[in-house]
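This report is meant for a reader who is meeting the structure for the first time. Please look through the sequence and the model before going on.

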Amino acid sequence: MNCNDCKNDMHELFDESADKSLIASLKNHIEDCQSCSAEFDEMQNVLTTLHPEIEINAPLLLKQNIFNDLGKNNINVKEGKVKHMQFSPFIKRVMAVAAVIMAIAISIFFFDKKDTSGNTAKAASSFFENSILANDLVKNMIIKFSVRTEPNDNFELIGTEYNMVEHTIIKSFDKPEKWRVEKPGRIVLFDGNNQYLWIPEIKEAVKGPKNAGFIDWMKILLDPSSILWKEEAEAKSNSSKITMKESKGKLYVTITSKAQGNFLNDYMKNKSINESDNRREYVFDNKTKLLKGLKIYLLDKKKETLILNIENIDYDVAIDPSVFAITLPAGVEWKELGMAVTNENFSNITSKRAAELIFAAMARNDFDSNKEVWEQFNFITKKIIESKYGGLQVIKIGESFKSGNYPGEFIPYEIKLKDGTIRRGKLALRNDNSNKVWMVDGGL
Ligand SMILES: [Zn+2]
């Protein structure tokens, strides 16, 4: 074996399944060659730094892909180039080996550093080899869980002040996949083509596209087999901490995250799972890889509050196909979620100016001149708003602000209703539509 071959194949020494005779000739060469021995030490040092205690069993396919790429890089290595050019393939090889390790050992940097047993990594790698298969075996599932929220409000809303509200997720994995998420005052359904939102109390029936945002964080529960991948990606981008422990046939995965978003103004803080400091405790069956439980705690000033709790998950039970359709009462029709509004009075202005115009219009009982602003509200809701806010008197309108992940802006207001009540609140306006028209989104 010559030096070039040795350096090109050196990474095989870190691969337990590498060809035995190749390993033997690599070792022989390194023992006799100072230059290769030095490079081997350096590679080992780099890898040890990256990856202190964890033992890796790479899934075969992943390993092949990465090593094939490595092979391609090495075709470009030619002897006789200047020194720094010779060094670069070495860095590439180290990075490639490191990439394999990082891909397998998921977020080793986030793992509990005190776990010197290697159990975490073993649990992780065996989980990944098998979790991909789990979904193929499951035909459907029903998740029963409770969330501290308002029964009628959106599915994202949480708050320590609310009672636990029962929720149900029904999912069919047969193609096309279908699902239904339900709480007492609200249902969101996906029939394989469209999402539907139904709020019985105000007879709001909205039909949206496949990717409509009627539910957000909860989507992760619709595909239990990809929870870990998604949580890992989330952890990497937000420096959350992940720990995994295997015990008595169960895999315990805990993620501790910080609230995401801009909290210069903390109005939205702790109003959704993503916008709160929280700890998510998942339990998986280590053999079937199926999700068995989840508890989410909101962490606020050293106080923990259980905010979401999965009480039961049934896999492969009989599901009546009629759950994937909603029959509307007579006289109610699905309204298409249309965001292509045009209104030049409400584009190209600030949200504060838009709020001033909106309150001024309500003061003179005018809900029709700029009806696009109210596009998100149906007939019934609009009637309620008209009767309550028509003829109001503006006391004060404050400076707009953004908070958390909310795409729009909040405008603080103080008004006097026609019955004399003083009302303070924050009008939520958003203009994330194609013509940037400010539309009322909530806060009344
Ligand atoms: Zn050599």
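## Asn343 and its surroundings

Leaving out residues up to four places away in sequence, Asn343 touches Asn370, Glu372 and Val437, where contact means heavy atoms within 4.5 Å. Asn343 is placed in the loop between strand S12 (335-336) and helix H8 (351-363); helices (H or I, at least four residues) and strands (E, at least two) are DSSP runs, numbered from the N terminus. Because its relative accessibility is 7%, Asn343 counts as buried (buried is under 20% relative accessible area, exposed over 50%, partly exposed in between, with a 1.4 Å probe and protein chains only).

## Basis of the model

This is a predicted model, in which local features need pLDDT of at least 70 and side-chain atom pairs count only at pLDDT 80 or more, while totals for chains, interfaces and linings use all residues. Residues are numbered from 1 along each chain as its sequence is written, and side-chain values use heavy atoms, with hydrogens and water left out.

## An open sheet

Four strands form an open sheet in the order S13-S14-S15-S16, with antiparallel pairing; two strands pair if DSSP finds at least two bridges between them. The edge strands, each pairing on one side only, are strand S13 (393-397) and strand S16 (439-442).

Within this sheet, strand S14 (residues 409-416) pairs with strand S15 (residues 422-430) in the antiparallel sense over eight bridges, and Tyr413 stands opposite Gly425 in S15.

## Asp314

Asp314 belongs to strand S11 (residues 303-315), and because its relative accessibility is 32%, Asp314 counts as partly exposed. Apart from neighbours within four places in sequence, Asp314 is in contact with Asn140, Met141 and Ile142.
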